[in-house]
Amino acid sequence: MSEENKNVKKEPIKVKFRTCIEIIIGIELGILIFLLLNNYFRNNDNQIDNVNEIIYQDEEVPSDIGKNNNLNSVGETTSNSSNSSNSEDYIFLCDGLEVKKEPGLYMIDNFSDGNMAINEQNEEKYNITYYNYENGKSTGTSKGKFGEETLVYDGVAQVENVAKYALSKEYNAMPRESKLIYNIPEKLKDLDKENGKVEINEIDLDGDGKKEHIVVASDYDVDAKFSTKIMLYDSEYTKIADLVNFENPYYKNEEDLTNYTVTSLSLAGNVECMDIDNDGNMEILIDIPIWEGKGQLSIVKYQNGKIQGEKEVTGSVRP
Ligand SMILES: [Ca+2]
Ligand SMILES: [Ca+2]
């Protein structure tokens, strides 16, 4: 009896001891799994960092693939393809010269900022593949040329073998088509009477289903002051803003009075609609000639009924 009692009393101690061992093993296993998982995720992060470093430092990236494109694809996978525009990580060219991808008025040149100087870094940066756009459509890809052979002025070069507008990133920069309107609507009859020529381009800039109208009104009357106005109207032909007032686009050579040049802005030559910052909204690009050089580029964004960029820009080709 007393022997049995002793055995019975010993049982709970054994059970408690085993339970303690099991708990300790359990905790250790938990810690081990935590450490393994932690290490696994750290390694993954390091791999992504390493990919970025390799792409930045790799001298052997084939130039026709383009460094920036590689960076974009890495950026997209790590940033979880948010809707924000990656406006800094690719190049936008107008006439072969880099311009910012933000609304505003810019000089189209390559020496004011010194950012297109001929050096090893820029040769690597600009000698890449471009996606070209001109006259309302994509014109395919091309390999840009930049260096001594494309020198423009005192150590600075332009990119050649590209269309009027070129991007170094592949996406659809012209997601919606524009259409010329040939019948002048009632609301623009007075404007048509006052000007020699009125051109209307219909396009849904912001993608809300309503088509905006870009109107170019040119006055060719030789005796009057020459002028071209570029305006933005909404879908009902109510004016949203005056974008450009191009005054006196008339240049008379003082030495030879019979020799003169008339420059007028037109939908075909000076206005393009293109999504340059990859946000789905098509910006209005207006190429404004100046006395010397490649001119100015006005980038206007129409979003939520508001204009971003410069309004009522005045231009002239007179010195
Ligand atoms: Ca619209
Ligand atoms: Ca855009």
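The largest nonpolar core of this predicted model contains 48 residues, of which Leu93, Ile230, Met274, Ile284 and Ile286 touch the most other members. At least three residues of this core come from domain 2 (89-167), and at least three come from domain 3 (179-315). Ile286 illustrates how such a member is surrounded: setting aside residues up to four places away in sequence, Ile286 touches Ile230, Leu243, Val244, Asn270, Val271 and Ser298. Among these partners, Ile230 is itself listed with the core residues that touch the most other members.

Across the chain, which has 319 residues, buried residues make up 25%. The secondary structure consists of five helices and 20 strands. Of the contacts with a separation of 6 or more, 52% are between residues 24 or more positions apart.

One open sheet is built from five strands, in the order β2-β1-β8-β4-β5, and the pairing is antiparallel. Strands β2 and β5 stand at the edges of this sheet; each has a single partner strand, so one side of each is left without a neighbour in the sheet. Strands of a sheet pair through backbone hydrogen bonds, either parallel or antiparallel. Here β1 and β2 run antiparallel and are joined by two bridges. Leu93, one of the core residues named above, has Glu98 in β2 as its bridge partner.

| Strand | Residues |
|---|---|
| β1 | 92-94 |
| β2 | 97-98 |
| β5 | 137-143 |

Leu97 belongs to the edge strand β2. Is Leu97 buried or exposed? Leu97 counts as buried because it has 23 C-beta neighbours inside 10 Å, where 20 or more are required. Leaving aside neighbours within four places in sequence, Leu97 is in contact with Ile108, Asp109, Asn110, Met116, Gln158 and Lys294. Ala157 is 60 residues away from Leu97 in sequence, yet the two C-alpha atoms are 8.5 Å apart in space.

The average pLDDT is 78, and 66% of the residues score at least 70. Residues 1-11 have a pLDDT below 50, and this stretch has zero contacts in the model beyond near neighbours in sequence. Residues 43-86 also stay under 50 in pLDDT, but the model gives this stretch 41 contacts beyond four places in sequence. Where pLDDT is low, the predicted coordinates should not be read in detail.

Key
Residues are numbered from 1 along each chain as its sequence is written. Chains are lettered from A and ligands numbered from 1 in the order in which they are written. This is a predicted model: local features need pLDDT of at least 70, side-chain atom pairs count only at pLDDT 80 or more; totals for chains, interfaces and linings use all residues. Helices (H or I, at least four residues) and strands (E, at least two) are DSSP runs, numbered from the N terminus. A residue is buried if 20 or more other C-beta atoms lie within 10 Å of its own, exposed if 12 or fewer, and partly exposed in between; C-beta atoms are placed from the backbone. Two residues are in contact if their C-beta atoms, placed from the backbone, lie within 7 Å. pLDDT is the predictor's confidence in each residue, from 0 to 100. A nonpolar core is a set of buried Ala, Val, Leu, Ile, Met, Phe, Trp, Tyr and Cys residues joined through C-beta atoms within 7 Å. Domain bounds come from an automatic or database domain assignment. Two strands pair if DSSP finds at least two bridges between them.
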